[in-house]
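I opened my notebook to look at how the chains meet. I wanted the contacts first, then what they are made of.

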Amino acid sequence: MRHLLGIEDLSREQIERILTTADAMLEISQREIKRVPTLRGRTVINVFLESSTRTRVSFEIAAKRLSADAINVSSAGSSLAKAETLTDMALNLAAMNADLLVVRDRTAGVPQMLSERVGVPVVNAGDGCHEHPTQALLDAFTALQSLGSLEGRVVAIVGDIAHSRVARSDIYAFTKLGAEVRVAGPASMIPLEVEALGVKSCRTIEEAFAGADVIVMLRIQRERIEGALFPSLREYSQTFGLDSATLRLAHPGAIVLHPGPINRGVEISPEVADAEPSRILDQVTNGVAVRMAVLYLLTGGGS
Amino acid sequence: MRHLLGIEDLSREQIERILTTADAMLEISQREIKRVPTLRGRTVINVFLESSTRTRVSFEIAAKRLSADAINVSSAGSSLAKAETLTDMALNLAAMNADLLVVRDRTAGVPQMLSERVGVPVVNAGDGCHEHPTQALLDAFTALQSLGSLEGRVVAIVGDIAHSRVARSDIYAFTKLGAEVRVAGPASMIPLEVEALGVKSCRTIEEAFAGADVIVMLRIQRERIEGALFPSLREYSQTFGLDSATLRLAHPGAIVLHPGPINRGVEISPEVADAEPSRILDQVTNGVAVRMAVLYLLTGGGS
Amino acid sequence: MRHLLGIEDLSREQIERILTTADAMLEISQREIKRVPTLRGRTVINVFLESSTRTRVSFEIAAKRLSADAINVSSAGSSLAKAETLTDMALNLAAMNADLLVVRDRTAGVPQMLSERVGVPVVNAGDGCHEHPTQALLDAFTALQSLGSLEGRVVAIVGDIAHSRVARSDIYAFTKLGAEVRVAGPASMIPLEVEALGVKSCRTIEEAFAGADVIVMLRIQRERIEGALFPSLREYSQTFGLDSATLRLAHPGAIVLHPGPINRGVEISPEVADAEPSRILDQVTNGVAVRMAVLYLLTGGGS
């Protein structure tokens with residue numbers, strides 16, 4: 001594994017290896033001194049060309065807890081304003097002897113393209129509607145914490161499946177780990193070919209949640225709603241939102257995941273977001289561990 | 001002391017403990033190698049949702065000189081653009097095992113609100129017109145450097161008292177440390193209830209400065225002047241500005257403080273800002289030491 | 001040498017001392033653990049008041065590889081929005097016991113002005129149309145890697161000489177190191193007095209390239225072209241662009257430099273930019289080493 005561009009490319013063994021490594025990393029963040037010398041003197045550059053707080057901070061913390069030097073590049077105030085090509089910028093960062101580039105971009109395929117041109121490992125931190133592999137890895141990690149195994153478990157993903165890189169990466173990750181994956185959402189938000197990915201497309205939340213062990217609620221883009229993919233936020237919430245009533249449709253003990261930031265009262269009600277079945281903050285904690293594992297493995301750790 | 005939200009909440013003993021600790025920290029910044037391992041492996045996140053250079057840099061340097069990992073979050077390019085609630089963002093940062101959040105916001109009460117929801121220490125780095133406690137601590141620290149004690153000393157604070165978080169925090173700090181505090185400014189800029197804070201409200205700069213040992217000149221917001229709280233910058237400057245003539249009204253040897261950035265020629269004349277009685281750059285130096293002390297004490301140092 | 005404000009001020013010996021030091025620094029970035037403790041506990045502040053990615057990242061990496069604490073200040077979100085003077089901001093940063101300020105600004109002379117007011121070393125990272133000394137140092141370093149010596153060698157600089165701080169700094173650096181320097185570009189882009197700098201002004205690229213050992217292609221500002229200094233990008237490219245045909249006018253084995261970011265197909269064709277004679281990515285690698293050398297020497301290293 002030279003890059004982490006998407007879950008689609010990974011074998012079950014590769015996914016499991018990352019998750020096992022993340023398990024060891026998790027403990028580091030619980031220490032008083034949350035820092036190990038593993039990547040001392042390595043240079044990790046976070047290239048975030050789409051706005052982000054939590055993912056950038058998560059990668060930055062992951063790098064620093066491994067003692068790497070973390071450098072941030074954002075689109076604001078960057079030379080991209082000067083019409084530089086992305087590839088040229090990445091080649092430049094690599095030429096400064098960077099050890100790894102973390103790349104987020106609005107356009108699907110940008111991390112892949114850079115990985116083919118630049119001689120250093122590239123981690124996709126979210127590219128357009130394509131993939132967000134570290135999100136899926138932390139989702140799987142969080143589900144495994146509660147369930148022990150995903151073999152034969154039912155995972156329901158609800159929301160704008162068609163435009164969600166999280167949904168795509170989650171579908172790959174959960175199916176590769178042996179789960180049965182169902183998706184649900186307004187018809188305009190379900191890709192026609194989705195069942196080719198090995199998932200079941202459900203018309204209603206009732207159908208999707210029946211016996212589900214893991215519920216993944218996607219963030220709804222308010223712009224998309226107003227942009228006519230769905231008549232109104234209120235109707236979306238009533239039809240596809242999660243609250244304590246709809247939660248009862250799932251398996252008792254089912255857990256709730258959300259990639260954040262959450263729209264309280266839209267796709268998820270506050271009383272579910274803040275209560276027992278929600279693993280939303282565990283996901284955030286685990287995200288640092290998963291990213292530490294990815295940085296470690298891609299810079300030659302464990303080989 | 002679990003958080004630092006304002007000086008109003010602090011006892012004299014707590015203030016003195018921070019200042020004594022800052023005294024020890026001051027020496028670290030004077031070494032060639034300005035770094036001690038005290039907070040190695042701790043994660044300090046600076047959440048600056050209102051633009052700032054000096055305060056953010058001061059906190060960042062303070063964290064780094066204690067060997068903490070410092071992470072910056074600003075409103076530009078953050079997920080707050082996605083309408084995330086502040087509390088959710090702070091809960092996320094805490095879930096990444098942050099050890100302390102430093103928070104600046106345009107709205108009074110935001111650090112307090114976050115401190116009640118988030119399980120990590122919160123430091124208020126300025127919230128609306130409410131408080132700016134580390135500024136008051138560095139002001140007191142700087143005054144004590146010159147005067148030894150504030151008991152019975154006279155402190156005059158001049159400017160837009162009503163809208164100044166520095167003024168509020170300074171009033172609490174200097175009165176708690178035993179000083180007599182006077183405020184002066186245009187009538188539209190003096191809160192009606194100000195004397196309830198234990199200070200004397202003065203009509204003129206002459207009255208405020210008579211026998212004063214410490215003069216605190218507040219930054220005047222040009223927008224507020226043009227916005228009709230006062231007729232013109234020139235008139236403000238002539239009535240409430242500090243120059244070498246008005247300085248002579250104070251006690252010989254009086255010192256001059258200013259939270260910066262200064263408006264040269266408006267609230268303070270260049271010949272005073274750059275001369276002997278000014279302790280403006282000492283304040284900046286001391287600010288790093290005071291913030292090191294706060295970070296140290298709130299992350300469990302000395303307990 | 002207390003500051004690095006421009007190449008104009010440097011003697012040949014000083015230039016050679018920086019380049020010799022950079023040679024030693026280059027090896028550090030090739031190690032697996034790219035970090036030496038040389039500047040541990042030193043505070044380097046990058047004040048970039050003009051947008052930049054590569055130069056800021058290069059200085060930040062240079063500081064971190066020497067174990068210095070690197071702090072970034074940009075114009076976005078800074079207190080300069082509050083009309084603070086640049087000098088006051090720099091005085092503040094120095095008062096926080098910074099060890100060195102790296103300054104980029106749109107206005108020529110700003111680093112010089114700050115160096116006269118602020119008691120810490122200042123490095124010019126590009127000021128208006130004046131100088132960009134670390135760029136010239138890395139250009140000279142890269143040329144020396146290929147040529148061994150610049151004595152008697154021919155260097156051709158092509159583009160908007162009049163508005164290029166890189167051209168000015170390169171002219172000083174290459175002539176001081178013994179090279180014959182020629183400049184070429186549209187008449188509107190060649191300063192009238194350029195020959196007073198000891199260079200030869202050429203009308204055509206043929207004249208400039210004849211027997212040249214080093215070709216420096218400047219980035220063309222598209223705004224300047226559209227702004228009537230030259231009729232069209234296409235005509236510029238045909239008259240003063242570098243491609244494999246025009247490259248053959250130079251000395252066999254001539255190397256090609258460019259300060260980046262490159263406009264592919266405008267001042268340089270992709271087949272030259274990405275091929276053997278191009279040293280563009282070596283320049284970037286060497287830039288980190290040259291900046292490490294400058295930080296080291298100006299903070300008292302080697303004295």
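Buried area is the accessible area, taken with a 1.4 Å probe, that two parts lose on being put together, summed over both. I kept in mind that this is a predicted model.

**Entry one: chain B with chain A.** I looked up the buried area and found about 2500 Å². Carbon and sulfur atoms give 50% of that area. The contact takes 25 residues from chain B and 25 residues from chain A. In one of the salt bridges, A:E32 meets B:R42, at 2.8 Å from N to O. α3(B) gives the most, with six residues. By class, I noted ten nonpolar, eight polar and seven charged residues on the side of chain B that touches chain A.

**Entry two: chain B with chain C.** Here 25 residues of chain B touch 25 residues of chain C. The two chains bury about 2500 Å² between them, 50% of it on carbon and sulfur atoms. I found four salt bridges between chain B and chain C. C:D88 pairs with B:R264 in a salt bridge, their closest N and O atoms 2.8 Å apart. On the side of chain B that touches chain C, α2 (54-65) and α12 (280-298) of chain B give two or more residues. α2(B) has the largest share, eight residues. The classes on this side are eight nonpolar, six polar and eleven charged.

How values were computed
Residues numbered from 1 in each chain as written. Chains lettered and ligands numbered in written order. Predicted model: local features only at pLDDT ≥ 70, side-chain atom pairs only at ≥ 80, totals over all residues. Heavy atoms only, no water. Contact = heavy atoms within 4.5 Å. Salt bridge = Lys/Arg side-chain N within 4 Å of Asp/Glu carboxyl O. Helix = DSSP H or I, 4+ residues; strand = E, 2+ residues; numbered from the N terminus. Nonpolar A, V, L, I, M, F, W, Y, C, P; charged D, E, K, R; others polar.
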